Amino acid sequence: VKSCGVCIDTYDDEQRIELVKRLKDELKRQGNKAKPIILLEDETFHPEICLVAIEAASNFILVETYSERRDAESWNDAVELGLSGLPVEVVAVNADEGKGLKAHIEKGLGVTHLCELFHVQHEISKGTSATLGQRTRAASDSLKKCQEAEDKLKKKKKEAKSEQVTSKLELQLREAACNVKNKQAHLQEMSHQQEEMREAVRGLSNSYHPYDLENGVKRSALQVQKDLEACFDKAQRVADEAGLSQRSCKHIEKAKRLKEAMVATIAFFHTFVTNRTASLNLDTHISDCLNHILIPLNYLYACARKATTADRRNMIKKTIDELSERLAGVSAWQTLSESQRVNLEAFAQECATFFVRSDSQVEGRNGQLSLHHHGIHRLNSDKLRGLTIIHNHFLRRRHDNTTAAERFFGVPGEDLFEWLLYSMKLPPRPAQKRSRINSRKVL
């Protein structure tokens with residue numbers, strides 16, 4: 001936290017006061033009392049317990065502190081301290097299924113607990129991927145051995161000098177070819193089962209969206225529920241066909257129990273967006289344009305940036321182009337002034353960020369802290385505080401080249417590096433070099 005005698009805690013305190021004041025002024029101008037936010041919460045260990053809470057839309061760290069315990073009371077105290085003085089309202093939290101975390105979210109904060117997608121997928125993979133992968137590798141090795149045996153027989157047949165030996169090798173070759181064919185069929189079956197399980201897991205991700213990525217149409221909670229059930233049923237069917245153990249099936253059942261929480265997350269998002277849109281008291285045509293075109297469009301923009309393959313990214317971009325054409329054709333939208341369109345676009349972008357299905361940001365932060373801990377073997381509270389300030393006010397890792405603090409407060413603060421240059425004292429002049437003669441006199 002200290003740098004050449006300057007404590008960057010001072011910088012954070014100064015910036016927090018100024019940025020909070022400017023955020024309150026902006027909220028007052030908009031007619032709002034507080035900014036709604038969604039938190040991502042998780043714990044990490046160094047080996048001390050470290051509680052981490054990040055605002056989902058901006059990636060601004062609100063809580064990053066060591067704690068003796070990780071129960072609901074400890075979380076309540078840490079989050080209350082992190083939100084102290086901020087004009088914000090926590091409307092939901094995305095976190096894992098830890099008992100302390102859930103109690104803190106549902107009873108302490110009294111908000112919705114959003115279901116985290118990764119833990120659902122990981123639970124299925126943990127119970128099935130190792131067994132299916134091992135069987136596929138074993139089938140591949142067995143096929144390779146049979147093919148090698150067949151090749152040896154072919155070589156022997158080619159080198160055979162008598163018809164009796166040749167005819168005997170031909171019989172062995174037929175048997176070897178039959179074995180190879182059976183092993184190929186077995187490998188194909190094992191590979192097919194492994195791929196079907198992967199498709200079931202990927203299907204959970206493809207289904208867990210509030211808008212259809214292929215056409216931008218709103219997906220109801222009931223529709224998402226049916227799609228999720230199909231994915232879980234497929235995973236169970238593959239497990240049954242593969243004859244997986246009861247332990248593997250229990251992992252699938254455990255993941256399936258989170259289906260209702262996933263559906264509730266979709267329902268929360270649609271209800272939240274509907275209520276926020278209704279609070280604007282817009283014309284019916286503009287309200288429909290906002291709900292059916294503008295908000296899905298901004299959601300698809302975010303999905304396109306996160307797409308892992310070029311095909312998927314191109315598919316989403318095609319949908320974006322179609323929605324953009326529809327937006328351009330809405331006469332009510334075109335009659336709005338430039339400032340009105342800008343304000344509604346900002347509102348739609350903010351609404352799109354309220355569907356949070358992953359806590360990958362806080363998981364990534366925990367990974368960074370683990371690397372720091374691995375390098376110096378101990379992260380004390382001062383060092384942790386310094387890393388938090390650097391993350392919030394210095395790092396610029398998004399496409400818009402903004403810091404987390406700029407995104408959270410909506411306005412830029414003073415540059416941390418320039419503040420340090422201004423605040424640090426100049427280093428003292430070096431000691432005058434003594435000559436050898438003077439050194440001898442001193443001696």
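Colleague: How many salt bridges does the structure hold?

Modeller: There are 23 salt bridges in it. Keep in mind that this is a predicted model.

Colleague: What makes R385 and D9 a salt bridge?

Modeller: Look at the gap between their side chains: 2.8 Å, N to O. The cut-off is a Lys or Arg nitrogen within 4 Å of an Asp or Glu carboxyl oxygen, so this pair counts. The general idea is that side chains of opposite charge can pair when their charged atoms come close.

Colleague: Which parts does the pair of R385 and D9 tie together?

Modeller: R385 sits in helix α14 (residues 381-393) and D9 in helix α1 (residues 8-30), so the bridge joins parts that are 376 residues apart in sequence. D9 and R385 are also in a network of salt bridges with D12.

Colleague: Why is R385 called partly exposed?

Modeller: Its relative accessibility is 30%.

Colleague: Is E123 buried or exposed?

Modeller: Buried: E123 has 9% relative accessibility, and the class needs under 20%.

Colleague: What makes D233 and K256 a salt bridge?

Modeller: The distance again: 3.4 Å, N to O, which is within 4 Å. D233 belongs to helix α6 (residues 221-242) and K256 to helix α7 (residues 246-256), so the pair links parts 23 residues apart in sequence. D233 has a relative accessible area of 42% and is partly exposed; K256 is partly exposed as well, with 34%.

Colleague: Where does R385 turn up in the second largest pocket?

Modeller: That pocket has about 520 Å³ of space. Among its 23 lining residues, R385 is one of the closest to the centre, along with L62, V63, E64 and G82.

Colleague: Which element gives the most to the lining of the second largest pocket?

Modeller: Helix α14 does, with eight residues.

Colleague: What classes of residue make up the lining of the second largest pocket?

Modeller: Ten are nonpolar, seven polar and six charged. R385 is one of the lining residues, and Arg counts as charged.

Conventions. Residues numbered from 1 in each chain as written. Predicted model: local features only at pLDDT ≥ 70, side-chain atom pairs only at ≥ 80, totals over all residues. Heavy atoms only, no water. Helix = DSSP H or I, 4+ residues; strand = E, 2+ residues; numbered from the N terminus. Buried < 20%, exposed > 50% of the residue type's maximum accessible area, 1.4 Å probe, protein only. 1 Å grid on protein atoms, 1.4 Å probe; cavity = no way out; pocket = protein on both sides within 12 Å on 5 of 7 lines; lining within 4 Å. Points joined across faces, edges and corners; volume = space filled by probe spheres on them.
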